[in-house]
Amino acid sequence: MNLGNKRQLSSFLLMLALLLSFATPASAVLTIQITKGVDGAQPIAVVPFATDKLTNALPYDLVSIINNDLARTGRFSPMPAKDIKAIGSPHDGGTVRFGDWRLVNMDYLLVGRVRQTGAINYEVQFQLFDVFKGEQITGISYPFVANDTRRMAHRISDIVYEKITGQRGAFDTSIAYVTALSGLNNKRKFKLNIADSDGFNEQTILESSKPLMSPSWSPDGQQLAYVSFEAGRPQIFVQQVFSSNGQRQRVTDYAGLNGAPVWSPDGQYLAMTLSKSGNPEIYLYGLASKKLTQLTRHPAIDTEPTWSPDGKQLVFTSDRGGKAQLYRIGLSRYKPVSKARRLTFEGDYNARAAFSPDGSLLAMVHGTRGRFQIAVLDLANNALQVLTDSRLDESPSFAPNGSMIIYATNRNNRGVLAAVSVDGRVHQRIEVQQGDVREPAWSPLSQR
Amino acid sequence: MNHKLLLAAVLLPAVVLSGCETFGGQDGSDVVVEDRGTQTDGSQGVDGQDGATSSGAQAGTAFQGHPLDNPQSILSSRVIYFEFDSASIRNEDRAAIQAHAQYLSQHSSASVVLEGHTDERGSREYNIALGEQRAKAVRQLLLFQGAVASQLQTVSYGEENPAAIGHDEDAWQQNRRVEITYKAR
């Protein structure tokens with residue numbers, strides 16, 4: 001399926017969606033393209049699911065969402081729909097003729113059907129096959145409602161991805177990011193947005209004429225902490241993203257910096273940067289106790305804390321050695337138990353670290369010879385690998401399954417997002433229709 | 001997902017902000033300076049605030065207005081520039097900072113906001129901290145040369161409010177700066 005067809009299909013689906021359900025403001029505001037894939041992406045045929053018995057059509061086509069999800073990883077090469085039609089349209093295991101699919105070198109086959117179970121209620125039943133072995137890998141059925149159609153498709157993609165790669169899928173997730181629009185008379189508009197991981201369903205959860213920064217997801221994926229300059233100075237807020245009491249509360253308003261909030265893995269603390277002492281230092285803020293613990297004490301800049309997934313280490317940026325580099329301190333019960341130790345030695349500048357979900361890698365902004373790129377440090381052997389080839393990259397954030405790193409960069413003088421696989425082989429470009437987009441934060445895995 | 005959508009749609013209007021202007025961005029501060037300038041042209045503002053200190057004496061021979069409005073005065077120099085990833089004040093900027101310190105020490109009701117900025121390179125929160133260090137460096141020098149702490153306020157916008165749009169050294173050097181903005185003169 002080429003890009004033009006995808007776009008036509010999306011706009012067709014969008015119109016369909018608007019006709020069917022005005023409560024679904026879905027459009028691909030972010031468009032995601034693979035700019036570099038892997039050799040030997042695995043061929044898979046996702047046969048259009050049987051939907052002919054439905055009395056109320058689905059707002060979206062499940063199969064095209066699944067195909068887009070799989071193709072976007074760069075690890076799968078879904079068969080175009082018209083080629084599938086020429087071979088056959090099985091909807092369950094009983095009608096699959098594996099020989100036909102082996103002839104066209106398909107490794108995997110996904111078939112399914114959707115049943116109507118109520119006015120807006122459906123049930124999808126699907127089976128994934130290993131074509132070479134002629135065996136079913138998995139077969140599942142799920143109930144869902146019309147408004148959850150996209151989400152249902154992402155969950156199916158998650159299962160297919162997990163069964164084939166052995167790694168959990170991260171399609172049923174969200175991305176938070178900041179957009180900046182320049183307006184008349186240099187009046188700018190900043191928005192804090194969230195979108196599905198495929199760029200659909202963009203929703204603005206905060207808008208301001210002053211900068212918004214540093215969105216950070218709570219571990220349960222229900223809240224975002226961020227920095228807002230709405231009062232003319234930086235303050236840290238926490239906002240409910242999805243729930244009905246979508247209130248936000250100001251967490252800190254100290255003199256000087258209030259920045260870089262990140263949740264502890266257990267959700268009880270925010271690590272943050274405050275300069276109320278006169279100098280930027282890292283603190284822990286107890287969300288229940290509302291008490292601060294100061295973690296660093298150094299006349300240099302200390303900022304951008306990030307937690308190891310087990311909560312026992314905190315890595316941060318400091319220029320205590322003269323230039324920005326990453327340092328690590330050990331924590332026990334939220335108290336520092338070891339002195340700050342320098343972690344990075346390659347390059348002139350290493351900052352804004354992010355731990356991989358398994359804690360083995362540290363992504364960072366790596367500056368060398370005037371270029372700022374995304375690099376990963378393997379904490380087991382201290383090997384640094386530069387993953388990108390641009391010059392103004394920042395804000396790396398891991399997908400919650402550890403497969404990709406989304407980051408902000410600059411393309412044709414615009415702020416855009418991009419993503420790269422942790423091995424550096426797959427590259428995606430993610431663009432918005434207008435303005436600059438920055439500071440992506442990938443949500444945790446949804447609670448199943 | 002329907003929960004997400006519906007609830008977000010309900011929430012959206014409630015959380016839309018109109019940014020309040022406490023001491024705002026560049027546009028706002030420029031306007032403030034001009035407004036006060038036209039007031040003090042009538043000279044009652046200067047006399048009222050500063051007693052016998054006449055603006056003519058400070059501004060030199062030709063300029064009749066407020067010294068802060070004299071384009072020939074070193075006080076018109078209100079932006080201090082920095083090297084990349086540095087908060088060290090360059091020698092060529094020391095005279096301007098000294099002039100502002102002197103003005104502040106002679107006008108106790110005058111006050112300034114020192115707004116620190118960086119270029120776009122590197123990470124955003126580090127740049128916020130770097131912008132603050134730049135503002136603090138200017139503050140330290142102003143204090144050292146006679147200004148008092150209550151006259152000085154600092155804020156950092158990091159790379160969020162560039163003076164020049166562009167992605168090359170030309171723009172970057174204009175963006176690595178501290179802006180001295182008079183809130184009261």
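Q: A residue is called buried if 20 or more other C-beta atoms lie within 10 Å of its own, exposed if 12 or fewer, and partly exposed in between, with C-beta atoms placed from the backbone. How many of the 17 residues of α5(A) are buried?

A: In this predicted model, local features need pLDDT of at least 70 and side-chain atom pairs count only at pLDDT 80 or more, while totals for chains, interfaces and linings use all residues. Residues are numbered from 1 along each chain as its sequence is written, and chains are lettered from A and ligands numbered from 1 in the order in which they are written. Helices (H or I, at least four residues) and strands (E, at least two) are DSSP runs numbered from the N terminus. In α5(A), 13 of the 17 residues are buried, so the helix is largely enclosed by the rest of the structure.

Q: What should the 17 residues of helix α5 of chain A span?

A: The expected span is 1.5 Å times one less than the number of residues. For α5 (residues 149-165) of chain A that gives 24 Å, and the end C-alpha atoms are 24 Å apart, which agrees. Just after α5(A), G166(A) has a positive phi of about 80 degrees.

Q: What is the order of strands in the open sheet of chain A?

A: Strands of a sheet pair through backbone hydrogen bonds, either parallel or antiparallel. Here two strands pair if DSSP finds at least two bridges between them. The open sheet has 5 strands in the order β3-β2-β4-β5-β6 (chain A), and the pairing is mixed. Its edge strands, β3 (76-78) and β6 (135-145) of chain A, each pair on one side only.

Q: In which sense do β2 and β4 of chain A pair?

A: Strands β2 (residues 42-46) and β4 (residues 108-116) of chain A pair in the parallel sense, over 3 bridges. A45(A) has L109(A) in β4(A) as its bridge partner. As for packing, α5(A) touches β2, β4, β5 and β6 of chain A.

Q: Is S174(A) buried or exposed?

A: S174(A), in strand β7 (residues 174-182) of chain A, is buried, because 22 other C-beta atoms lie within 10 Å. Contact means C-beta atoms, placed from the backbone, within 7 Å. Leaving aside neighbours within four places in sequence, the contacts of S174(A) include I194(A) and S443(A).

Q: Where does Q313(A) lie?

A: Q313(A) is in strand β19 (residues 313-318) of chain A. Q313(A) is partly exposed, with 18 other C-beta atoms within 10 Å. L331(A) is 18 residues from Q313(A) in sequence, yet their C-alpha atoms are 5.4 Å apart.

How values were computed
Two residues are in contact if their C-beta atoms, placed from the backbone, lie within 7 Å. Axes are lines fitted to C-alpha atoms, for helices over the stretch in contact, and angles run from 0 to 180 degrees between N-to-C directions.
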